[in-house]
Amino acid sequence: MKHLKNISLAIVIMISIIGCKRETTYIDDCDCCLPCKELEHQDGLVSDVIYHSPEQYKFPCFNPNIENEFIYYYTNTTQNQAQLIKYNIATHEKKVLINDFHLIGPPKWGKNNWILLNNSFQEIWKIKNNGDSLSIVATGGCNIFPNWDSTCKNIVYVYSTNCGIPSYIISKDLKSGNSDTIYCGNGRLLTLSANDMLAKTEVYYDLYISSLSDQLLWSQITDVGKVAEKFIVALCWHPFKETLFYSRGYDGVYKINFNDSLEIKIKNACNSRFYMGISVSPDGENFLVERVKAYYKNGYGLTEDSEIYIMDIDGCNERKIVLE
């Protein structure tokens with residue numbers, strides 16, 4: 001990629017470990033892991049049919065410049081609403097930024113006060129954080145997992161022709177419109193740190209990282225194998241540490257520092273309560289999650305509802321943010 005400069009020490013470190021499968025140390029000593037009761041299947045219900053209540057609160061994302069402000073995706077099927085909403089935790093002020101926009105993944109809020117959105121047509125759009133200037137930045141084929149780089153002049157995302165294989169990681173200069181393919185291969189749940197370290201999953205089970213450059217060089221930092229409950233569903237960098245936060249579906253929320261590969265569980269999960277859409281506050285003190293509650297509802301069957309919770313960075317003091 002022609003516009004990426006200033007090769008950092010991180011790249012040197014990465015090159016020295018390329019091709020190595022790093023040994024992961026796992027710690028399950030969780031002070032704030034609440035018990036999680038598994039749902040038992042109810043006879044007569046079709047297990048692969050999942051229902052949802054009319055209102056859902058999904059995809060929280062902190063403002064990288066303001067600790068108390070975040071955006072989320074709200075849907076109400078009864079009222080046919082699909083909205084991106086900005087909310088201030090301290091003042092409780094709420095503002096709808098866009099209506100009738102259907103998201104398929106978490107938005108990414110840049111320090112330049114622009115927000116990247118991924119819609120149901122697998123297109124990438126951007127919008128100002130005041131709700132102005134909605135415009136498209138990537139279309140045609142399947143464009144997913146958009147991220148701002150550290151300059152906020154380029155976006156990095158995964159492209160494929162039909163959301164399958166092969167897939168490519170693309171860097172696009174939004175001013176010139178020029179795009180560069182910086183990787184050809186499997187890329188899922190792509191996320192980019194404040195100092196341009198890329199992280200992705202490999203078939204959703206293990207984590208890989210690379211410094212952002214015109215030729216990505218990946219290092220594997222976990223090795224759990226294809227264990228169903230270890231399936232990674234959300235991934236987010238700490239804003240100023242070399243630490244990843246991620247949710248392993250029905251297993252729990254973890255963090256790992258890629259320098260020592262120490263994998264630490266900080267939240268329990270199970271099939272009745274699991275966590276999606278992680279976002280860490282810009283001061284590094286808290287993180288938001290989309291917490292999914294699953295239960296059997298009379299007349300419907302298995303129902304999953306999403307709500308937004310906040311907790312301390314160690315996973316303690318978990319509480320719901322009331323947005324009704």
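Visitor: Before that, what should I know about how the values were made?

Guide: This is a predicted model, in which local features need pLDDT of at least 70 and side-chain atom pairs count only at pLDDT 80 or more, whereas totals for chains, interfaces and linings use all residues. Residues are numbered from 1 along each chain as its sequence is written, and side-chain values use heavy atoms, with hydrogens and water left out.

Visitor: OK, how many disulfides does a search of the whole structure find?

Guide: The search finds three disulfides, a disulfide being a pair of cysteine sulfur atoms within 2.5 Å. One of them joins cysteine 32 and cysteine 316, with the sulfur atoms 1.7 Å apart, and since the torsion about its S-S bond is about 85 degrees, the disulfide is right-handed.

Visitor: And where do cysteine 32 and cysteine 316 lie?

Guide: Cysteine 32 lies in the loop between strand E1 (25–27) and E2, while cysteine 316 lies in the loop between strand E24 (301–312) and strand E25 (319–320), so the pair ties together parts that are 284 residues apart in sequence.

Visitor: What about cysteine 36 and cysteine 270?

Guide: Cysteine 36 and cysteine 270 form a disulfide with their sulfur atoms 2.0 Å apart, and here the torsion about the S-S bond is about -75 degrees, so the disulfide is left-handed. The pair links distant parts of the chain, 234 residues apart, with cysteine 36 in the loop between E1 and E2 and cysteine 270 in the loop between strand E21 (262–268) and strand E22 (273–280). Cysteine 270 is buried, at a relative accessible area of 1%.

Visitor: Which handedness does the disulfide of cysteine 142 and cysteine 163 have?

Guide: That disulfide is right-handed, because the torsion about its S-S bond is about 80 degrees, and its sulfur atoms are 1.9 Å apart. Cysteine 142 lies in strand E10 (residues 142–148) and cysteine 163 in the loop between strand E11 (154–160) and strand E12 (168–173), so the parts that the pair ties together are 21 residues apart in sequence. Cysteine 142 counts as buried at 1% relative accessibility, whereas cysteine 163 is partly exposed, with a relative accessible area of 40%.

Visitor: Switching to sheets, what is the strand order in the one with E10?

Guide: The order is E10-E11-E12-E13, an open sheet of four strands with antiparallel pairing, where two strands pair if DSSP finds at least two bridges between them. E10 and strand E13 (179–184) stand at the edges with a single partner strand each, so one side of each is left without a neighbour in the sheet. E10 and E11 pair over five bridges, and the bridge partner of isoleucine 144 in E11 is valine 158.

Visitor: What about the sheet with E2?

Guide: That open sheet also has four strands, in the order E2-E3-E4-E5 and with antiparallel pairing, and its edge strands are strand E2 (55–62) and strand E5 (94–99). Six bridges join E2 to strand E3 (residues 69–76), and in E3 phenylalanine 70 is the bridge partner of phenylalanine 62.

Visitor: Last one, where is threonine 243 and what does its side chain touch?

Guide: Threonine 243 is in strand E19 (residues 243–247) and is buried, with a relative accessible area of 11%. Its side chain makes a polar contact with the side chain of asparagine 257 (3.5 Å); a polar contact is a pair of N or O atoms within 3.5 Å, where within protein one must be able to donate a hydrogen and the other to accept it, and residues adjacent in sequence count only if both atoms are side-chain atoms.

Definitions and conventions. Helices (H or I, at least four residues) and strands (E, at least two) are DSSP runs, numbered from the N terminus. Buried means under 20% relative accessible area, exposed over 50%, partly exposed in between (1.4 Å probe, protein chains only).
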